[in-house]
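Keep the viewer open and follow along.

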Amino acid sequence: MSDAETPLPQPLLEDAELDLLDDFLDSERVDADALDLISAHGFLVALAVAPRDTPAAAWVAELFHGDPAFSDDAERETILGLLERLRHNAIEVLEAGGLPELPFELELAGSAPEETPIGDWCAGFMEGVFLDEAAWFADDEEAAATLLLPFMLLSGLFDDEPDMAELAGDATRLEGLVTQLPELVLDLYLHYRVPPESPKPRPRRKKPAGGAKGRR
């Protein structure tokens, strides 16, 4: 696909809404181990891609590492509503064949992925995978591993594994993966959420009236 044909990434929330989430996730009312805005964004995009839905209670508990100290029911409704809308908007964008806008510049600029928001986002994405890992690898483990490899490499979570460490040392490869991240998310969505088209049945050939046996 040429640059002219590549659709522009679409934001999943408005900037003001992302700022509101950022302030809340960075506040003392949230557990210190909770995901920050960048990681939560990756986590929710993974849930949009996932082969089956995870109950909201399960992913909310995982994202916050417990129950935040909301000031009141209105704030709870606002924050949880924004998180759910981010996930839902990701589904809508991907379902239409669009690309999600990611909350960072798509370049490493010589830095290690784990030292950048890119690594944080991919680590959050992998947290979404770990939440229901069996489903991601159930049907075709090899294909799943191939499609998830870029996210695993950029997350920095697997650098202790010899094979991954070697791949992670290829700066040119990593930079290329970063620029492709929105397209890689769409590839995963198409793999898990869009069933392949069934071949159209061939019309049955009609038998000649009266049978054709013995015709010369």
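## Salt bridges

Arg193 is partly exposed, with a relative accessible area of 25% (buried means under 20% relative accessible area, exposed over 50%, partly exposed in between, with a 1.4 Å probe and protein chains only). Its partner in a salt bridge is Asp53, with the closest N and O atoms 2.9 Å apart; the term covers a side-chain nitrogen of Lys or Arg within 4 Å of a carboxyl oxygen of Asp or Glu. This pair links distant parts of the chain, as Asp53 sits in the loop between helix 2 and helix 3 and Arg193 in helix 10, 140 residues apart. Helices (H or I, at least four residues) and strands (E, at least two) are DSSP runs, numbered from the N terminus. Asp53 counts as exposed, at 54% relative accessibility.

The whole structure has 6 salt bridges. Another one joins the side chains of Glu75 and Arg29 (2.5 Å, N to O). Glu75 belongs to helix 4 and Arg29 to the loop between helix 1 and helix 2, so this pair ties together parts that are 46 residues apart in sequence. Glu75 is buried, at 18% relative accessible area, while Arg29 is partly exposed at 32%. Asp67 and Arg76 also meet through their side chains in a salt bridge (3.5 Å, N to O); here Asp67 is exposed at 58% and Arg76 partly exposed at 32%.

## About the model

This is a predicted model, in which local features need pLDDT of at least 70 and side-chain atom pairs count only at pLDDT 80 or more, while totals for chains, interfaces and linings use all residues. Residues are numbered from 1 along each chain as its sequence is written, and side-chain values use heavy atoms, with hydrogens and water left out.

## Overall fold and core

The protein has 10 helices and 0 strands. Of its 216 residues, 38% count as buried. Among contacts (heavy atoms within 4.5 Å) between residues at least 6 apart in sequence, 72% join residues at least 24 apart.

The largest nonpolar core has 61 residues, and Leu63, Phe64, Trp121 and Phe125 are among those with the most contacts inside it. Such a core is a set of buried Ala, Val, Leu, Ile, Met, Phe, Trp, Tyr and Cys residues joined through side-chain atoms within 4.5 Å. Helix 2 gives the largest share of this core, 10 residues.

## Helix 7

Helix 7 has 15 residues, and a kink of about 45 degrees lies at Leu148, shortly before Pro150. That bend is the angle between axes fitted to the seven residues ending there and the seven starting there. Buried residues of helix 7 include Ala144, Leu148, Pro150 and Phe151; helix 5, helix 6, helix 8, helix 9 and helix 10 are among what covers the buried part.

Which residues does Phe151 touch, not counting those up to four places away in sequence? Its neighbours include Trp121, Phe125, Leu181 and Leu188. Just after helix 7, Gly156 takes a positive phi of about 75 degrees.

## Loops worth a look

Most residues other than glycine have a negative phi. His65, in the loop between helix 3 and helix 4, has a positive phi of about 55 degrees and is partly exposed at 41%. Ala109, in the loop between helix 4 and helix 5, has a positive phi near 55 degrees and counts as exposed at 65%.

Technical notes. Expected span 1.5 Å × (residues − 1).
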